[in-house]
Amino acid sequence: MTLDQITLFTLFGLVFALLIWGRFRYDLVAFSALLVAVVLGLVPVDQAFSGFGHPATIIVALVLVVSAGLVRSGAVYLITRTLVDSSRSLGSHIAIMGTIGGVLSGFMNNVAALALLMPVDIQTARKAGRMASLSLMPLSFATILGGMVTLIGTPPNIIIAQYRSDALGAPFSMFDFAPVGGAAALAGLAFVALVGWRLIPQRGDGTTPAAELEPYLAELTVPEDSDHIGKPLRDLLPEAESAEVAILGLIRDGERRYGRALDTLLHAGDALVLEATPDALDEFRTALSLDFTDSQRKELLTADTAGLTLSEVVVPEGARIVGRTASGFGITWRLRSVLLGISRKGRPVRNAMRSTRVEAGDILLLLTPKETSWEVAEQLGCLPLADRGLTVTQNTKTWLAIGLFGAAVAAASFGLVGLPVALGLVVVAYVLVQILPVAEIYDHIEWPVVVLLGSMIPLGAALDEAGGTALIADGLVALTDGLPAWMILTALMVVTMTLSDVLNNTATTIVAAPVAIEMANRLDVSPDPFLMAVAVAASSAFLTPIGPKNNTLILGPGGYRFGDYWRMGLPLEVIVVAASVPAILVFWPF
């Protein structure tokens, strides 16, 4: 071994040890390692930051932004509200949620897909009266499996595609992963839905959802073109029950109706009086295409091009708004905002929102321009609550968002434009049609992952150029000497899976991809099956909560312990290997 090889292996060993230890965040570890390699001359200065402009890094960042646009447009609500039912058996619920999660993960980042569906799963568990731990782990595993099917579903696939481009001159296309990834995903989903969830330890501690949010008394308005005009208010009850919204009555011409309200035929401009949390309120509004406010105030709000946001503020003693009403203070015409709801610790609010006198201690739910939300709170003399990521769903643009994304996927699949360009065009289009405010774009990029990728790619290239990957490949080939190529392929998958269980799957892929190419060269066979094996194996980390971020996300909400994952994860990894190796041999022969 040369001095450069020894130094690089030592550096990678330190990186892996620090990542496993978890004392320092993975992006800091990777970036520090990159700087050390540059100082030691292992990475040329002019290539030090080349990883940040690498197509894999750009694609990962853009996928997260596009995912946020699909959420904001209501595309996810469209799917979940029609397919999720808390009355189903646990096995059926896991199968349906797993299928939804798997499909979504194929066309958006699998972490984003889990983040979208996790609240839905927790809410469904609460409605069904069961522990969320029984379904959260299957959902996490399902989103990981679904990400294997397409190029953009998971970072390992993106990285593998770019390594193939460097090695063979052309990357894998959008659906090249589908035959192998699909076989592994289908086999894995079947196991998770039928058997796997039964292996999860059941405990009474830590498996309940997070503390309930205090509901608001709020109002939503029936718009002029609503399909519900002329129908009784009681027709909205099923959707309200599904969203966990209580319909208390309605307001028409300033008069509030209670007992007979459910039989009242709805008119344009009617204000529904509701009790709900902010997320439930937005879900209910999106499902029924209701408005936050009347047409006159809506014109003032929609004139703002930076986008709208939901914000929560606490009213302290002495605030300017105390003792005054929203209309009297001029919240709409002065601050271009709308008071949507008031939380008063269970005490009733008798009047309409705009004519209710605000009291000290109230929590107000406001619809405000994103760029001035803090200024609005200051003008009211209120204190903003910690940001809980409340968003305003653009439900009128659901199909537009889906259509733009579908067109980009099709264009990239047929080779009309490169995937980074296609996704970039979607982001620009989402901004132009106001699905995503331009001020929010960078908020949705997971910068630690970008830094990790940008730092590890030059390190991986340096290891390859120094001959380190050739040494690893030689070692694996020597250990499997005399075995058929498919057994060597299986050994590579097992080693890659093991690494991915304790490391970030991105880091694992960057190390394993050049090894796969080198092993193929040693055996004088096509590198495609070996690259495909690494792509599947790097994504198949089911034994611990520290490998993929999906498993980390559910650790707290599910009340899991470190040792809970392997019970379902170990047989699932065996099933993935058993399903994917034959598929690789059929669709990507040596």
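Which residue forms a salt bridge with Glu518? It is Arg522, and the closest N and O atoms are 2.5 Å apart. A salt bridge here is a side-chain nitrogen of Lys or Arg within 4 Å of a carboxyl oxygen of Asp or Glu.

Some ground rules. This is a predicted model: local features need pLDDT of at least 70, side-chain atom pairs count only at pLDDT 80 or more, and totals for chains, interfaces and linings use all residues. Residues are numbered from 1 along each chain as its sequence is written, and side-chain values use heavy atoms, leaving out hydrogens and water.

pLDDT is the predictor's confidence in each residue, from 0 to 100. The chain's mean is 82, and 89% of its residues reach 70 or more. Over residues 205-212, pLDDT stays under 50. Where pLDDT is low, the predicted coordinates should not be read in detail.

Back to our pair. Glu518 and Arg522 both lie in helix 21 (residues 505-523), 4 residues apart, about one turn of the helix. Helices (H or I, at least four residues) and strands (E, at least two) are DSSP runs, numbered from the N terminus. Buried means under 20% relative accessible area, exposed over 50%, and partly exposed in between, with a 1.4 Å probe and protein chains only. Glu518, at 17%, counts as buried. Arg522, at 39%, is partly exposed.

The whole structure has 6 salt bridges. One of them joins Arg164 and Asp528, with the closest N and O atoms 2.6 Å apart. Arg164 sits in helix 8 (residues 155-168) and Asp528 in helix 22 (residues 528-539), so this pair ties together parts that are 364 residues apart in sequence. Both residues are buried.

Next, the core. A nonpolar core is a set of buried Ala, Val, Leu, Ile, Met, Phe, Trp, Tyr and Cys residues joined through side-chain atoms within 4.5 Å. The largest has 133 residues, and Leu423 is among those with the most contacts inside it. A second, separate core has 29 residues, including Leu233 and Ala240.

Now the strands. Strand 5 (residues 308-314) is mostly covered, with 6 of its 7 residues buried. Two strands pair if DSSP finds at least two bridges between them. Strand 5 pairs with strand 7 (residues 363-369) in the antiparallel sense, over 7 bridges. There, Glu312 has Leu365 as its bridge partner. Strand 5 also runs antiparallel to strand 8 (residues 383-384), joined by 2 bridges.

Last stop: Ser87. Ser87 is in the loop between helix 4 (75-83) and helix 5 (90-107). Ser87 is exposed, at 61% relative accessible area.

Key. Contact means heavy atoms within 4.5 Å.
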